[in-house]
Amino acid sequence: MTKPTETVAQAIARALKRHGVEVIFGQSLPSAVILAAEAIGIRQIAYRQENMGGAMADGYARISGRVPVVAAQNGPAATLLVAPLAEALKASIPIVAIVQEVERHQVDKNAFQELDHVALFSSCAKWTRRLGGADRVDDYVDAAFIAAASGRPGPAVLLLPADLLREPVAASAVARSANYGTFPADRVRPGQAAIEQAARLIAEAQNPVVMAGGGALSQGAPAALAALQDLAGLPVFTTNMGKGAVDEHHPLSCGVLGALTGPTSLGRQSRELLQEADLILQVGTRNNQNGTDSWRLVPNSARLIQIDLDPQEIGRNYEAFRLVGDAAETLGALTEALRKVDLSRRTQARPALEQRIAGLWESFDQRRAPSTGHNTSPIRPERVMAELQTLLTSDMIVAADASYSSMWIVGQLRGLAPGMRFLTPRGLAGLGWGLPLAMGAKVARPGSKVVALVGDGGFAHSWAELETMVRMGIALTVIVLNNGVLGYQKDAETVKFGRYTTACHFAPVDHAAIARACGCEGVHVREAAEILPALRAALQSDRPILIEVATDPDAHPAISLYDGTLDKAPQEAELV
């Protein structure tokens, strides 16, 4: 009996399997590929909307360390992938997107949903190619994974003409076996001379510190950073995206800084330590606006050593000693080099540093106590975070939407171990991505508890995915902070213009009822005493649960924009 001829779609599915792909975030299109993938055991996580599917793939990548696949139809579906791919590009997250195209004989004839996808993805993907023939399937699939996972990770888009998917594929004389499904694809590190010079600079500095960004959460980097922190006695700050790179209970951990420098923030206490630094070791940070508080935090007098996979990022905003390489490999090599130099200056400085940093955390707790202990309604978000903190474990994953939700997570929760994951969409900070990030994380690590924190404004972008959670068995806890306003928009407009637009207030919405209508459990929390029991019950459940918390519309994170405007600085004497 003659063996059936393999089609291009089946060859693509087989290539995906070779790269370790276990799930595709899709909506049954391109149908030929999805059918072929499901036939060989690749699960489809069927999202409701492409924007959300792209964000799910993003969350999956951040937690799994594997290159995820998202699929979409041509035309309007493809356009909805632009936003999550742009986030992934800015945040250095690898994604392979497979996008169907019109049949080849229909090109440039105004076929249904025909669009120039190469132009569409040119600004939000590292690599965009169209598969041109049945004889190049493995070449192009491999190239997509290599593009996504090599160098600075990011999205790659493979365009698939619909008619080509049905064509037969001739048997290859040499079968491919390589797996490019994890990242980083290459473990590169700087030359030894540069490593040794950086070690000497650290050892000789009076007040060296570390700024760790999202790159410090890449595979192996948190453990490598922890070893360096301990050996060299270095205080470590993180950016918003670097949250979780270090154990924030370590005596040399200074928490998140960035724009969180208002009167009740940890950054208000810790920024002086950064300002005194004469050397800053930067690990995987872009020196972007949010991470540097509009480029005001990094002192001009400090020398910078910058570790980054992307050569173009080093020195972009500040001149720096260049260490081009993978964070884990470079930090490991730097630690070994530091073992061979005189670290007595660091050893002698450590006790006083630890005492000073402990005092910063104590002062922070005192300043935020009125909010974390707030007992009346409406509820303060800081109180919600304080209750969640008591239930955190080091393997729990906490994801947040953009805007204030991200700030509550990074500014109020305290990480418990190097590499504990706090997922925030800070590449572009688009609203609506907190829930799908959490969903992708749960698919990647089904044994971990996952919490998504969203505001009512951002959650409106992703309501429909509650049904996806139920249908696909993705059990996580969603906390909706419902204050009835677009908080950041309202507050920022008030500060900048003295008034805010009519878009900032919403009509009342019963989010718990929406959850129940989708098959989730929905819980209302209106009193502070109800927060902890609701959270505990949700985290003990194996079902998706939404907790809607009625929060104060005037509550806002302690960011620098509000310092001296919405936030009147308390008298220092009252806090001593």
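How many of the ten residues of helix H10 (residues 266–275) are buried?

**View 1. Helix H10 is mostly covered.** The model is predicted: local features need pLDDT of at least 70, side-chain atom pairs count only at pLDDT 80 or more, and totals for chains, interfaces and linings use all residues. Residues are numbered from 1 along each chain as its sequence is written, and side-chain values use heavy atoms, with hydrogens and water left out. Helices (H or I, at least four residues) and strands (E, at least two) are DSSP runs, numbered from the N terminus. The buried residues of H10 are Leu-266, Gly-267, Arg-268, Gln-269, Ser-270, Leu-273 and Leu-274. Buried means under 20% relative accessible area, exposed over 50%, and partly exposed in between (1.4 Å probe, protein chains only). These buried residues pack against strands S7 (208–212), S8 (236–238), S9 (253–256) and S10 (279–283), and against helix H12 (344–372). Ser-265 caps the N-terminal end of H10. One of its side-chain oxygens lies 3.5 Å from the backbone nitrogen of Gly-267.

**View 2. Strand S11 (residues 303–308) is largely enclosed by the rest of the structure.** Five of its six residues are buried. S10 and S11 run parallel, joined by five bridges. Two strands pair if DSSP finds at least two bridges between them. Ile-280 stands opposite Leu-304 in S11. S11 also runs parallel to strand S12 (residues 321–324), through four bridges. Here Ile-307 has Leu-323 of S12 as its bridge partner.

**View 3. Six strands form an open, parallel sheet.** The order is S2-S1-S3-S4-S6-S5. Strand S2 (43–46) and strand S5 (127–130) are the edges, and each pairs on one side only. From one strand to the next, the twist averages 25°. Axes for such angles are lines fitted to C-alpha atoms, for helices over the stretch in contact, and angles run from 0 to 180 degrees between N-to-C directions. Strand S3 (residues 69–72) pairs with strand S4 (residues 95–101) in the parallel sense, over four bridges. Val-69 has Val-96 of S4 as its bridge partner.

**View 4. The largest nonpolar core has 92 residues.** A nonpolar core is a set of buried Ala, Val, Leu, Ile, Met, Phe, Trp, Tyr and Cys residues joined through side-chain atoms within 4.5 Å. Phe-25, Phe-121 and Leu-476 have the most contacts inside this core. Helix H7 (residues 137–149) supplies its largest share, eight residues. Leaving aside neighbours within four places in sequence, Leu-476 is in contact (heavy atoms within 4.5 Å) with residues including Leu-435, Met-439, Val-450 and Ile-545. A second, separate core has 37 residues, among them Leu-388, Ala-492, Ala-528 and Tyr-562.

**View 5. The whole structure holds three aromatic pairs.** Rings of Phe, Tyr and Trp (its six-membered ring) pair if their centres lie within 6.5 Å; planes under 30 degrees apart count as stacked, over 60 as edge-to-face and the rest as tilted. The Trp-361 and Phe-364 rings have centres 6.3 Å apart and planes at 65°, so this pair is edge-to-face. Both residues lie in helix H12, three residues apart, about one turn of the helix. Trp-361 and Phe-364 are both buried.

**View 6. Tyr-404 and Tyr-488 form an edge-to-face pair.** Their ring centres are 6.0 Å apart, with planes at 90°. Tyr-404 lies in helix H14 (residues 404–412) and Tyr-488 in helix H18 (residues 487–497), so the pair ties together parts 84 residues apart in sequence. Tyr-404 counts as buried, at 9% relative accessibility. Tyr-488 is partly exposed, with a relative accessible area of 33%.

Terms used:
Polar contact = N/O pair within 3.5 Å; in protein donor to acceptor, adjacent residues only side chain to side chain.
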